[in-house]
Amino acid sequence: MLKDAGLEESAVITLRLCTSLVYIGVVELGRTISDIAALMLRDEDKEPQELSWLEERVMSAAKMAGAPCSLQATARGDPEMVVEEPNSLKVDVFLESLESAFRTDLKV
């Protein structure tokens, strides 16, 4: 349905992982939206910035799901995750791995 709306596959995957993060964090585990939002943000006081909690889990899950990834520096020197072979990502494995990490890491 979302692909029929003209969304790229990467956008649909991002929507699915963010929906899972909010559902698991808020509905299943009782975390606040503020708690969840903080996990998605980088610490702007650090130079260069480090990956956010969510970016670290996305990179780990992508590697587990068969997509080679690396960190490359942006023009500012901040790390940016690059998926070297996007077509190799096993989407279901990726999302299941993230959901497992969310349930484990977000327990209070």
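## Helix packing and a pocket: worked exercises

H1 and helix H2 (residues 33–40) pack with their axes 9 Å apart, at an angle of about 140 degrees. This is a predicted model, where local features need pLDDT of at least 70, side-chain atom pairs count only at pLDDT 80 or more, and totals for chains, interfaces and linings use all residues. Residues are numbered from 1 along each chain as its sequence is written, and side-chain values use heavy atoms, leaving out hydrogens and water.

**Exercise 1.** Work out how H1 sits against H2, and which residues make the contact.

*Solution.* Start with the angle: about 140 degrees, taken between N-to-C directions on a 0 to 180 degrees scale, with axes fitted to C-alpha atoms over the stretch in contact. That makes H1 oblique to H2; under 35 degrees would count as roughly parallel, over 145 as roughly antiparallel, 65 to 115 as roughly perpendicular, and the rest is oblique. Next, pick out the contact (heavy atoms within 4.5 Å): Cys18, Leu21, Val22, Gly25 and Val26 of H1 touch Ile33, Ile36 and Met40 of H2. Finally, sort these residues by class: seven nonpolar, one polar and no charged. Here Ala, Val, Leu, Ile, Met, Phe, Trp, Tyr, Cys and Pro are nonpolar, Asp, Glu, Lys and Arg are charged, and the others, Gly among them, are polar.

**Exercise 2.** Now place H3 against H4.

*Solution.* Their axes come within 8 Å, crossing at roughly 140 degrees. H3 and H4 are therefore oblique to each other. Trp53, Leu54 and Val58 are among the H3 residues here, and Val93, Phe94 and Ala101 among those of H4. The tally is 11 nonpolar, one polar and two charged.

**Exercise 3.** Find out which elements line the largest pocket.

*Solution.* First, the space: about 540 Å³. Then the lining: 21 residues, with Ser10, Ile13, Thr14, Val83 and Leu89 nearest the centre. (On a 1 Å grid, a pocket is an open set of points where a 1.4 Å probe fits, with protein on both sides within 12 Å along at least five of seven lines; lining residues have an atom within 4 Å of a point.) Helix H1 (9–28), helix H3 (53–64), strand S2 (79–83) and helix H4 (91–105) each give at least two residues, and H1 has the largest share, six.

Technical notes: Points joined across faces, edges and corners; volume = space filled by probe spheres on them. Helix = DSSP H or I, 4+ residues; strand = E, 2+ residues; numbered from the N terminus.
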